[in-house]
Amino acid sequence: MSNPVTIAIDAMGGDHGLSITVPSTLKILAEHPNIRVFLVGREADVQAELARHNAAPSDRLIVHHASQTVEMDELPSQALRGKKDSSMRVAINLVKEGKANACVSAGNTGALMATARFVLKTLPGIDRPAIIAALPTVRGHTHMLDLGANVDSTAEHLLEFAVMGSVLTSAVDNVERPTVGLLNIGEEEIKGNERVKEAAKLLSGSELNYVGFVEGDDVWKGAVDVVVCDGFSGNVALKSSEGVAHMISHYMRQEFRRSLINKIAGLIALPVLKGFRRKIDPRRYNGASLVGLQGIVIKSHGNADVFAFTNAISEALLEVEKQVPQRISSKLEAILAQRRAV
């Protein structure tokens with residue numbers, strides 16, 4: 001990166017808090033000498049955790065005090081109204097004030113979305129922000145949105161999601177015109193509810209590289225670069241895939257332990273199994289983006305380890321470098337102008 005980048009990290013968020021956010025921060029600072037980080041949280045606790053890692057604040061590692069913490073099971077409305085000095089809120093405020101280029105948090109998803117939307121506001125032309133993440137496929141990965149921010153979405157919202165997903169994918173994957181598919185119960189035009197059919201018409205008339213409906217299995221085949229859906233369907237698909245992955249892992253371990261011959265076979269197959277695990281390891285894809293906001297906010301999985309949380313910070317750095325919000329705004333403006341001209 002040509003210019004220094006500053007990341008605000010919600011140091012208290014997530015299931016493990018400081019025990020993950022602090023070592024991840026130290027790792028990313030060591031890997032990227034031209035960035036700096038705000039560690040936002042209770043100052044005494046952050047300082048103590050830094051000391052455990054033989055580290056201390058510096059001009060690149062700034063401890064920013066916040067007296068409150070948003071709990072993982074806290075209602076978004078309560079966090080928004082009653083936790084104005086939470087580590088999550090203060091970290092987002094740093095982006096709003098221009099002191100940080102992006103915020104990363106492993107905290108409560110609902111509270112993060114509500115707070116980020118309230119503080120940063122949406123981009124012009126965007127009614128609802130969405131959650132987008134990369135998912136592993138047989139061809140590499142695909143980006144899917146919305147993954148849970150909007151349970152109910154109109155056809156217009158799905159068009160907005162498609163624009164945001166296409167722009168982000170183009171930027172971070174260096175794909176000139178990403179293919180976009182609309183998640184449906186079948187590929188035929190007659191399939192689906194009226195909302196999905198109307199969204200398909202809007203997408204077909206846009207300048208996006210829309211290729212039509214895709215089914216659930218197409219997500220993991222890598223049929224398209226971007227999969228668009230409402231937050232209800234997206235979250236169910238995501239959690240279902242995680243459950244299937246855990247089930248496969250469970251039964252493979254069970255079978256390899258069943259007998260001595262199976263154990264020997266497992267040892268022989270160990271390199272293959274390790275390679276398979278690396279390819280589908282969800283930690284590699286940790287870091288979902290809250291797209292559609294006037295600022296970059298990255299949501300890490302709540303139970304992320306150091307490897308996973310470091311990847312979430314890396315996603316924030318990449319989106320800052322690629323100027324994702326600015327690109328989304330420009331693309332949406334062009335599409336709206338095209339529609340007004342028709």
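Here are some questions and answers about a few spots in this predicted model.

Local features here need pLDDT of at least 70, side-chain atom pairs count only at pLDDT 80 or more, and totals for chains, interfaces and linings use all residues. Residues are numbered from 1 along each chain as its sequence is written, and side-chain values use heavy atoms, with hydrogens and water left out.

User: Which residue is joined to Asp146 by a cis peptide bond?
Analyst: Asp146 sits in the loop between β6 (140–145) and α6 (155–173); helices (H or I, at least four residues) and strands (E, at least two) are DSSP runs, numbered from the N terminus. The cis bond has an omega of about 10°. The partner is Leu145.

User: How far from Asp146 is the nearest side chain of opposite charge?
Analyst: Asp146 is buried (under 20% relative accessible area; exposed is over 50%, partly exposed in between; 1.4 Å probe, protein chains only). It has no salt bridge, meaning a side-chain nitrogen of Lys or Arg within 4 Å of a carboxyl oxygen of Asp or Glu. For charge, Lys and Arg count as positive and Asp and Glu as negative, while His and the chain ends are not counted. The nearest opposite charge is on Arg128, at 7.3 Å.

User: Which backbone nitrogen lies 2.8 Å from a polar atom of the Asp146 side chain?
Analyst: The Asp146 side chain also reaches the backbone nitrogen of Ala149, at 3.1 Å. Leaving aside neighbours within four places in sequence, Asp146 is in contact (heavy atoms within 4.5 Å) with residues including Ala130, Phe161 and Cys229. The nitrogen at 2.8 Å belongs to Ile131.

User: At roughly what angle do the axes of α4 and α5 cross?
Analyst: Helix α4 covers residues 87–96 and helix α5 residues 109–120, and their axes come within 10 Å. Among the residues that meet are Met88 and Ile92 in α4, and Leu112 and Phe118 in α5. Axes are lines fitted to C-alpha atoms, for helices over the stretch in contact, with angles from 0 to 180 degrees between N-to-C directions. The crossing angle is roughly 35°.

User: What is the relative accessible area of Asn54?
Analyst: Asn54 lies in the loop between α2 (43–52) and β3 (61–65). Its phi is near 55°, a positive value in a residue other than glycine. Asn54 is exposed, at 76%.

Key. Polar contact = N/O pair within 3.5 Å; in protein donor to acceptor, adjacent residues only side chain to side chain.
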